[in-house]
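Please look through the backbone of this model with me, one loop at a time. The points below are meant to be read with the structure open beside them.

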Amino acid sequence: MLNTWILEDHQLELKLDTLEKRITVTDKRVNKGWEQLPFERGWQIYQVSQSGNTLKVELQGAFAMSVTIALTEQSEVTFTLSADPHAPFEKISFPPAFEAPNPEHYVLQTDSQGLLLPVTDTVYPLEEQPIFFCGGGAAMAWIGVTDTALETGYMAIIETPFDAAIDLKRERGLITFAPTWLSSMGAFGYERKIRYIFFHQGGYVAQCKRYRAYAWPKNNVISLKENQERFPAIAKILGAVHIYAWDKAREVIFAQKLKEAGIDKAMFLWDANHLPYPEEDYDSRLKELGYATGAYELFTDIHPEGHAGNTEIERIPLKRNVYPGLFEQITSRKPDGSTYSNQYGTYVCPVAVRPEMVKRVEKELQIYPHETYFVDVYQANGLYECHHEDHPLTRQQYAEAIVQNYEYLEDNYGTFIGAEFGADFAGSHSVYVHGMMTLQRTWFNSDIHKKGSIYHYGDWKNNERPSVMLGTRTATDTYLAYSINEYTRVPLYELVYHDAIVTSWRWEDANHHSPEIWWKKDLFNILYGSAPLWSIDQERWDSFEATFVESYQRICPWLQQICYDELVSHRFVSEDRHVQETLFSSGKRAIVNFGDKPYLYEEELIDPRGFIVKNASDN
């Protein structure tokens, strides 16, 4: 067997060294090499064959596995893993991670909206997390690397993402990543595939546009404008503030006050797990004001029989996580028959819950004819296997069942859907996704859970007025360093989906929740073209009315101009990155100044903590 095998075209050279069990890819356009770590010790190469620009590598480890490595006509590199479908395993990692060539690089962390994670960072938690999990996983099925000049780099698209995770780790002191393949119902199941694309220029913007070209047809994504043809009420949420109403803010008179104050476009949502319920003509009267109407929904949680919270359905008749007598029938099961759970409840199988979903939605819509449902958790909690004998599901089938539940709501009730997190397997079944502006992972190592701390984000104990929604807090140092840091934040998700999906902050991390950085969240909304989100009651509005109105007037008229546009590019204008620019497909631009000093841009002065917008004619 040869020691060296080469795949080559005019852009790339891929070299497999069978003695070192290592692959190196050289980008000829910039003479830059990307070297993988050696294969894990458990994998031995026992045969290699070549046909044109394709290698077939036979490996032997816990089981026999064939790896097809191809240099495609588009100068992209694919790895396809195949094995006996019945081969048992828990997880494997292959191919190995590419090492960062030097410290002058970033990992493009696709946690929510996006983050430039310095490969030298020693604080950010490095974990192996499944794709489509908001606790540290990726919202989109890719991750990348770029240099600090934001030009050269590579990205990995996980083409079989449902049984996959991304393993972030440090090698020789620098952060890198590798794919992890999870078993499907305990076995290999099917071919696994990952695609690497190498860039000689364009940085993270070029990588996002490559993923956009891949993901839109794969996930049946359509534009907001196209989706609006089916659901005309979508027009009401574009360029609007998204509002979760609590307590007395659920009275129509509150909405009338907002209208009188100049809040012309808004979407009102409320959570039926919490009292008081609005009057029965609430939706129709909001529609008369021109506002979009909807409700929070949840089809994922249940409590065991006898749980004290189950009795609340007597006074909270539309309570979301109560299904009397059905715990054994509708919960998802692990291989050993036990259930999945977290602090909020036990997980419900998306297939088994469908009949109960229909009962509750039909009951509710007779009273409150919503135009939309915000469906919590489905895209944020990760995908699970259900081993219940009556409704078994692979992770892919679990995702497909979620989409089918969305389609049922759309097709039968004419409601369009919003979601927590923006897991892109759902395609255009999520018109808006709350939480993407909040980088989900960046409350780590902080006092956010420390009761009595100025950073404590609250709790759910007060049913009518949960402090997690209605409290005021101070942003933690970790949050400031990662989630709201203009030096490292980048709009990866917007560059892929801006003209298809509306994003916002999380409902417990709304624009106003840390008042000292309210201005900064507003600037990010303007820069990215994303929606402001308020989670308010009458008292919060009364306390900050002037700021709410100012915030709306700063953001929403601009959003109404670019709400249907593709986000074409984003760039750092100033060396300190305080000044940034986004360009939209209409030719309109937003330029924001996060700094404390004025900035002269194209002969126009941008105030500290200010912004300007420009039309195509100004270019």
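A residue is called buried when its relative accessible area is under 20%, exposed when over 50%, and partly exposed in between, using a 1.4 Å probe and protein chains only. This is a predicted model, in which local features need pLDDT of at least 70, side-chain atom pairs count only at pLDDT 80 or more, and totals for chains, interfaces and linings use all residues. Residues are numbered from 1 along each chain as its sequence is written, and side-chain values use heavy atoms, with hydrogens and water left out.

1. Ser75 is not a glycine, and yet its phi is positive, at about 60°. The residue sits in the loop that runs between strand 7 (64–71) and strand 8 (77–83), where strands (E, at least two residues) and helices (H or I, at least four) are DSSP runs, numbered from the N terminus. With a relative accessibility of 4%, Ser75 counts as buried.

2. Val377, also not a glycine, has a positive phi of about 75°, and its place is the loop between strand 24 (372–375) and helix 8 (395–413). Val377 counts as buried because its relative accessibility is 14%.

3. Phe94 and Pro95 are joined by a cis peptide bond, with omega at about 0°. Pro95 belongs to the loop between strand 9 (91–93) and strand 10 (105–109).

4. Another cis peptide bond links Leu275 to Pro276, and here omega is about -5°. Pro276 lies in the loop that connects strand 19 (266–269) with helix 5 (282–288).
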